[in-house]
Every structure is written in C-alpha cells, then in structure tokens.
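Visitor: Please take one part of this structure and go through it closely. I would like to know how the pieces there are arranged.

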Amino acid sequence: MRRLLALPILALALTGCPSYDGYSPVVSQKGLIPPDQFARYGAEQAQAVAIAREFGAAYQGDTPADFGAQATAGMAYARTMPDVVNVTADSLGHRLTIQFKSGWRTAVDPIADGRRGGETPNLPAGVPAS
C-alpha cells in the first residue's frame, strides 16, 4: 500500500517543479501588437522595434555572461540610432531602457522574429543596417 502511495506523491512533486526558463516568456510576442505595426506609429517607435530586434538577434545562450553580452550588443546598436539619448540595460531582466531626444522613455524586450533591426519599416534616414 505504501508503495502505491509513493508513486502519486512522486508524480505530484515532479509536476510542481517550476521551469527555470525565464527568457522564452519574455521574448514571446503573443498578445502584443506586431512589431511592424508598432513601428508604423512613428520614427521613435520604429527605432525601439529595431533596437529590440537587434537585442533579440544577439542572443547566444542562457548564462549571465551571455545575457550581458546580448545586452551590450543591444546597447551598442541603440547608440547608433539618431534619436537615442541614453540607453541602460538590465541584462538579467532581459530589458533595455531607452530615452529619446523628445523625452520619451521606453523599455524594450528582445524580439526574436527572425528579422534584423535594419528591416524594420519607418526607420528614419541615416539608420545603419544591421
């Protein structure tokens, strides 16, 4: 009887273990405005989407060092944008905070849709290709 009780308890314990994948839910675009549609709202929105795409394209792995390198690559691309004044990273939170010349601040998460930042519609002239 005790052996039969051990099996359901083991099954409950294993199903109660959380997934430690914190990156996939952040990158998921489910329920959000599609990136290309958001980019059409204005030049700053297009730059934010381009930065998020480059941030997502820089993903190399799940270690803190990999996340730091990804954030560094995203910040480097953000600094090439004509309207970006400041960019700060939260590498373990998978987020870049961007401040534009107009004073608008936004936080972007990585976008991993297979497209690069230079492919984003509505980018202003002078934005470098990815």
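**The sheet and its helices**

Guide: In the predicted model, Thr88 has Thr97 in β2 as its bridge partner. Helices (H or I, at least four residues) and strands (E, at least two) are DSSP runs, numbered from the N terminus. Residues are numbered from 1 along each chain as its sequence is written. Because this is a predicted model, local features need pLDDT of at least 70, and side-chain atom pairs count only at pLDDT 80 or more, while totals for chains, interfaces and linings use all residues; side-chain values use heavy atoms, without hydrogens and water.

β1 and β2 (residues 95-100) run antiparallel and are joined by six bridges; two strands pair if DSSP finds at least two bridges between them. The open sheet has three strands in the order β1-β2-β3, with antiparallel pairing. β1 (84-90) and β3 (105-108) are at the edges with a single partner strand each, so one side of each has no neighbour in the sheet. From one strand to the next, the twist averages 20 degrees.

Helix α4 (residues 43-57) packs on this sheet and touches β1, β2 and β3, where contact means heavy atoms within 4.5 Å. The direction of α4 makes about 150 degrees with that of β2. Axes are lines fitted to C-alpha atoms, for helices over the stretch in contact, and angles run from 0 to 180 degrees between N-to-C directions. Helix α5 (residues 64-78) lies across β1 and β2, at about 175 degrees to β1.

The two helices, α4 and α5, also pack together, at an angle of about 150 degrees and with axes 8 Å apart.
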